[in-house]
Every structure is written in structure tokens, then in C-alpha cells.
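Me: I have a protein model open and would like to go through it slowly with you. Could you help me read it, one topic at a time?

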Amino acid sequence: MENSKIAELFEEIADMLELDAKANRFEPLAYRKAALTIGTMQQDVAEIYAKEGIEGLTKLPGVGKTIAERIVEYLKTGKIQKYEELKKRFPIDFASLTKIQGMGAKKAYKLYKALGIRNLDDLKKAIEEHKIRGVEGFGEKSEEEIAKGIALLEQSSGRMLLGTALPEAEALRDKLLKSGLVERVAICGSTRRMRETVGDLDILVISKKASEVMDFVTSLPEVDHIVVKGPTKTTVWLKIGLSCDFRVIEPESFGAAMQYFTGSKNHNIKVREIAIKKGYKLNEYGLFDKNNKNLVANKEEQEIYRLLGLDYVEPEMREDRGEIELAMEHKLPKLITLQDIQGDLHTHTNHTDGANTLEEMVQAAIKLGRKYIGNSDHSKSEHVAKGLDDAAYEKLFEEVDKLNEKYEGKIKILKSGEVDILKDGSLDLKPSTLEKMDYVIGAVHTNTNMSKEELTKRIVKALNSGYVDILAHPTGRLINEREPMVFDLDTVFQAAADNKVVMEINAFPNRLDLNDENILKARSYKLLFSIGTDSHRTSHLEFMRYGVGTARRGWLTKEEVINTYPLDKLLKLFKSKR
Ligand code: DGT
Ligand code: CA
Ligand code: CA
């Protein structure tokens with residue numbers, strides 16, 4: 001899929017246009033909107049173009065005629081002329097440099113003008129030589145911050161967001177299924193375990209035509225180059241910047257191979273030890289007894305667990321965090337599924353920084369079978385998001401009332417707001433406005449670099465106010481981009497338990513916040529959770545599956561997740577707090 005490459009190019013065009021004094025102010029915005037659409041949608045733009053032509057592209061939100069032409073230009077030539085021209089004037093690797101926490105395009109440009117820094121290597125060298133601190137607008141502190149940002153980036157580099165990797169894996173799987181060459185295909189590895197980031201894709205195939213399968217996969221348009229091509233295993237480097245292993249498996253070994261290649265490695269090691277204790281041998285070909293008879297030939301992976309005296313462990317739990325012990329005692333939790341989801345409590349519209357109208361969001365939610373959708377547009381302190389003041393919420397609530405009449409029986413729209421928790425722990429809106437909401441989402445967005453004690457106090461104060469029902473993206477981390485805020489999680493979880501505040505599992509692919517480990521911790525405080533997509537356009541509503549995957553990695557049952565509740569039970573829960 002070329003989507004992420006095109007989105008990256010558009011982002012860079014926007015960066016460069018913003019530096020260009022002569023460019024019009026709206027142009028970069030248009031490129032960013034299009035980048036957001038293309039970078040986060042699940043369909044392949046090339047496929048849309050192939051099927052529906054340029055009209056298909058202009059139907060996408062945020063994609064006008066000019067932008068659509070640029071997409072076509074890229075699909076046809078692999079280049080965008082506009083980008084090439086701008087690049088001549090700004091020969092800077094913005095895509096890499098702006099991945100560093102705190103480094104925007106403007107800063108990168110300043111460093112280019114002052115020190116000739118064009119890329120990450122130049123920057124690292126300048127930091128080593130302590131040259132950054134001498135540039136106007138930078139100091140010793142910002143030099144250190146940049147060094148830290150680079151270290152963070154390098155730790156994480158090479159791992160791709162699940163939200164990018166999974167749709168790519170599914171596209172490859174679907175092409176294989178349509179090829180007529182295969183009987184079965186399974187996505188395994190960390191992708192199947194729904195890990196927040198993925199090191200490489202692992203795809204298993206059953207086919208009688210292994211060599212044709214290998215020819216097929218190596219000639220797919222998604223492939224940049226072949227790493228190794230063998231009769232049973234082929235590794236390719238994908239254009240999106242990820243490696244992918246394809247393995248052709250004998251049908252009788254499929255279950256064993258799925259178990260083996262799903263991992264995790266630590267989970268597998270434990271399972272294998274149990275097999276050995278029983279006098280068996282377990283590997284990717286099967287589960288063998290003393291006479292080397294495969295006990296799971298032609299069976300699904302469930303059979304392996306059964307024969308070892310274990311309950312079936314869902315892939316998301318296979319991390320050796322105690323799940324094997326629970327499986328032995330038949331005490332595994334029954335995990336939440338996507339089908340359990342009744343509604344979405346965290347969504348935005350074009351009243352603030354979203355791309356779609358409230359009605360468009362509502363219609364998209366209906367299409368996904370949601371029974372309710374909470375509108376939670378930003379409050380006024382979020383200036384960059386055009387946050388709303390008290391009066392603007394009043395108007396928005398009137399619109400909600402009208403739409404509720406129009407869509408009665410189809411869906412219920414709930415009134416909410418993602419309300420800033422200010423520096424002193426107070427909330428950004430008047431109590432009278434908060435009281436008109438069905439529920440209130442509290443969120444920390446600014447001044448996040450205060451001391452651990454101060455930040456803990458700030459959040460606890462907001463939770464103690466009695467107004468906050470849900471704490472949005474509690475740690476504020478952005479995967480591969482921004483570290484979590486530093487506060488005392490235990491103190492905050494305790495305050496949430498005391499005040500019946502629900503923890504959000506933000507499903508946006510670069511957030512997934514709380515993450516699996518923090519969910520497990522929060523669970524020990526008997527907290528409830530809400531999986532919210534933080535949608536800024538209709539297509540983002542489908543991010544729910546990443547939130548559910550994360551919840552499953554945190555062992556959650558549907559009883560622990562409030563947006564699995566029917567509407568009346570949900571409203572009762574919120575009312576019980578008021
Ligand atoms: P990743 O790619 O870093 O996101 O993580 P995985 O879990 O997909 O790891 P990967 O691709 O290296 O290997 C896929 C699976 O194959 C892994 O989850 C478990 C299995 N596996 C790989 N190496 C070993 C090994 O040395 N021992 C055992 N028992 N299993 C292994
Ligand atoms: Ca992998
Ligand atoms: Ca692999």
C-alpha cells in the first residue's frame with residue numbers, strides 16, 4: 001500500500017509550504033488534511049484510483065481536485081513535481097527530523113540555515129560538538145532535549161505502528177486468498193497478538209504450489225525488494241518500510257505452525273516446557289509423542305493447548321505474564337471482543353479540529369452498528385484545536401438535541417466534551433456547562449513538563465472535583481514520538497477508584513493509552529475502562545479494533561469496559577456519580 005508514503009510526502013510538502021513566505025496560508029492545511037485522511041484510512045488509494053478514477057479520490061474527505069491530481073501523479077510516476085521543486089529550496093530531511101520530539105519543521109529549518117543541518121546524521125554531529133546551543137532561539141536545555149528525543153527515536157526505530165502494519169498484512173493476506181494459489185493464509189507474530197508496534201510481519205500459507213506462491217508474493221506491488229527467496233520461506237522488504245516473512249506450511253502442520261509463529265517467544269518457551277514434562281516434543285511441525293507420532297496433525301492450535309491440559313489462550317494474552325498459570329487452573333478471563341462494543345465515547349467534529357460534521361460522524365457510527373456515540377469536542381484552552389467556550393457548547397448541545405430527534409431509534413448521541421485539566425487542576429469550563437453533559441472527559445494537554453509531584457496533584461485534584469467521568473489518554477504518550485507524562489500512576493489510579501473515574505483506553509493507533517501494562521495495573525484497582533477512538537474523521541471510528549486489542553492484551557472482560565454496556569446501563573453509571 002502506498003498510502004503512508006503519500007501521506008508522508010504531503011506532510012513534508014505542508015512543512016515546506018509553511019516555511020515559504022510566499023505560499024498561501026491555507027495550502028499547507030489542505031495538504032495536512034489530505035495526509036491525515038490518506039495516512040489513516042484502511043483502503044488502498046491505488047485501488048480506489050484503479051476502480052473509480054480521480055473522482056473516487058476527490059470523494060475522500062479533505063481531498064480536492066489539486067490534491068487528487070498529485071496522488072495520481074505519484075501513483076503513475078512515483079514522484080510529485082511540487083515536492084521535488086520545494087525540496088530544491090529546502091534540502092532538508094524533514095520526515096526524519098520532525099520525528100524527534102519537540103522538533104518541528106521551523107526549528108529544523110533554523111538549524112539548516114544556521115549550521116547547514118540537513119539530516120539526522122548532521123544533527124547528531126552538531127549535538128556532539130555542542131553547536132546547537134549557540135544557535136539563536138536554542139539553548140543548552142533545548143540541545144539536551146533534542147539529544148533525548150533522538151535517543152527515544154532510535155530505541156523505537158524499526159518498529160511500526162500496529163495501525164499501519166495490520167491493514168498492510170490484511171491487504172497481503174487478501175491478495176493471496178484471491179490468487180487461487182492458496183488454501184489458507186494466517187497473519188501471525190506480534191500482529192496477531194495486537195502488539196502496539198510490529199517488528200516484522202509473519203504470514204503463514206498452506207498451498208500445494210509453494211514455488212508459485214513465492215513468485216506471486218515477490219512480485220506484489222507492495223514489495224520493494226526481496227531479502228531471501230527460498231522454497232518454504234521468503235522474506236521481502238515492503239515499500240511501507242517493514243519486513244515480511246512468508247512461510248509455506250504443510251497442511252498437517254498448520255495448527256502447530258500458527259501456535260509457534262504467533263509467539264510470543266517467552267510464551268512458547270513455557271508451553272514447550274510443559275510439553276516436555278509430559279514426555280512430548282513441541283515445535284512448529286507438531287506436538288509429538290514418544291513414538292514421534294504427531295498428536296495434532298491436521299488439527300487447529302486449540303488442540304495443542306487441550307492436550308497439554310491448558311485452556312485455550314487468546315493470542316493477545318500470550319506474553320508470559322501469568323496467562324499459562326491461569327490456563328492451567330482454568331481461570332482465564334473471557335476477553336472482550338469487538339462485537340461487544342455498543343458505542344464510542346470519544347469523538348470530535350469540525351466544530352473543533354475534526355474533519356467531519358456531527359451528522360456525518362453520527363451516520364458513520366450507525367453504519368458500524370454503534371448504538372450510541374459521544375461527541376467530545378475540545379474545550380477552549382486547546383487553542384490549536386479551536387476549542388469551544390461555554391456558549392459554543394450550549395449551541396452544540398442544541399444541535400445534538402435536534403439530531404437525536406432525527407435519528408431516534410437508530411442511535412443516541414451523547415453530550416460530552418474533552419475538557420482540559422488546567423495547570424492548577426481546575427477544569428476549563430463552568431460547572432453549569434459540565435452539568436449539561438451526559439458525561440465529562442478530562443484531559444491533560446498542556447504544561448506536561450511540571451514535576452512529578454505537581455502533575456500528580458493536578459490530576460488528582462481534577463478527579464476529586466466530582467465532574468470528571470473519564471480520564472482521556474491518561475499518560476499522554478505518543479508511540480515512537482513522545483514519552484508518557486511523569487506522574488504517580490498508583491496515586492492517580494487510587495483517586496480514580498475513590499471517585500469512580502473511568503480510565504480511557506484511547507484507540508488511536510499512535511496513542512493506545514492506557515497501554516496493556518498500565519491496564520493490568522489499573523485492573524488491580526478494580527477500575528472501569530472506556531475504549532474511545534478519539535476520532536477526528538469518520539474513518540477513525542474503525543480504530544476501535546486497536547483499542548479492543550489493547551484491552552485484550554490487558555486481560556479485560558466486557559464487564560470492565562463501559563462502552564460495551566447498553567445505553568441505559570451506561571447512563572445509570574454516569575448518573576450514579578452526580
Ligand atoms: P516482532 O516481529 O518483533 O514484532 O515480534 P514477533 O513476536 O512477531 O517475533 P518474530 O517475528 O521474531 O517471530 C515470530 C514468532 O516466531 C515469535 O513470536 C515466536 C516465534 N519464534 C521466533 N523465534 C523463536 C525462538 O527462538 N523460539 C521460539 N520458541 N519461538 C520463536
Ligand atoms: Ca514478527
Ligand atoms: Ca518474523
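Me: To start with, is Asp490 buried, exposed or partly exposed?

Reply: Asp490 is partly exposed, with a relative accessible area of 30%, where buried means under 20% relative accessible area, exposed means over 50% and partly exposed is in between, using a 1.4 Å probe and protein chains only. Before we go on, please keep in mind that this is a predicted model, in which local features need pLDDT of at least 70 and side-chain atom pairs count only at pLDDT 80 or more, while totals for chains, interfaces and linings use all residues. Residues are numbered from 1 along each chain as its sequence is written, chains are lettered from A and ligands numbered from 1 in the order in which they are written, and side-chain values use heavy atoms, with hydrogens and water left out.

Me: ok, and which residue does Asp490 form a salt bridge with?

Reply: Its partner is Lys521, with the closest N and O atoms 3.2 Å apart; a salt bridge here is a side-chain nitrogen of Lys or Arg within 4 Å of a carboxyl oxygen of Asp or Glu. Asp490 lies in helix H21 and Lys521 in helix H22, so the pair ties together parts that are 31 residues apart in sequence. Helices (H or I, at least four residues) and strands (E, at least two) are DSSP runs, numbered from the N terminus. Lys521 is partly exposed, at 31% relative accessibility.

Me: Which residues of H21 are buried, then?

Reply: They are Leu489, Val492, Phe493, Ala495 and Ala496. Seen down the axis of H21, these buried residues fall within an arc of 160°, so they line one face of the helix, the arc being that of the directions from the helix axis to the C-beta atoms.

Me: And what do they pack against?

Reply: The buried residues of H21 pack against H20, strand E15 (470-471), E16 and H22, where contact means heavy atoms within 4.5 Å.

Me: Which residues touch the most other members in the largest nonpolar core?

Reply: That core has 57 residues, and Leu463, Phe529 and Ile531 touch the most other members. A nonpolar core is a set of buried Ala, Val, Leu, Ile, Met, Phe, Trp, Tyr and Cys residues joined through side-chain atoms within 4.5 Å. Among the elements that give two or more residues to this core are helix H20 (452-464), helix H21 (489-498) and strand E17 (529-532). Leaving aside neighbours within four places in sequence, Phe529 has contacts that include Val502, Ile519 and Leu556.

Me: Back to salt bridges: how many are there in the whole structure?

Reply: A search of the whole structure finds 45. One of them joins the side chains of Glu301 and Arg192 (2.6 Å, N to O), which are 109 residues apart, and both residues are buried.

Me: Which residue coordinates both calcium ions, ligand 3 and ligand 2?

Reply: Asp200 coordinates both, and the two ions are 3.7 Å apart. Asp200 lies in strand E4 (residues 200-206) and Asp245 in strand E7 (residues 242-249), so the pair ties together parts that are 45 residues apart in sequence. Asp200 counts as partly exposed at 22% relative accessibility, whereas Asp245 is buried at 7%.

Methods:
Donors = N, O, S within 2.8 Å, 3.2 Å for Na, K, Ca; no water.
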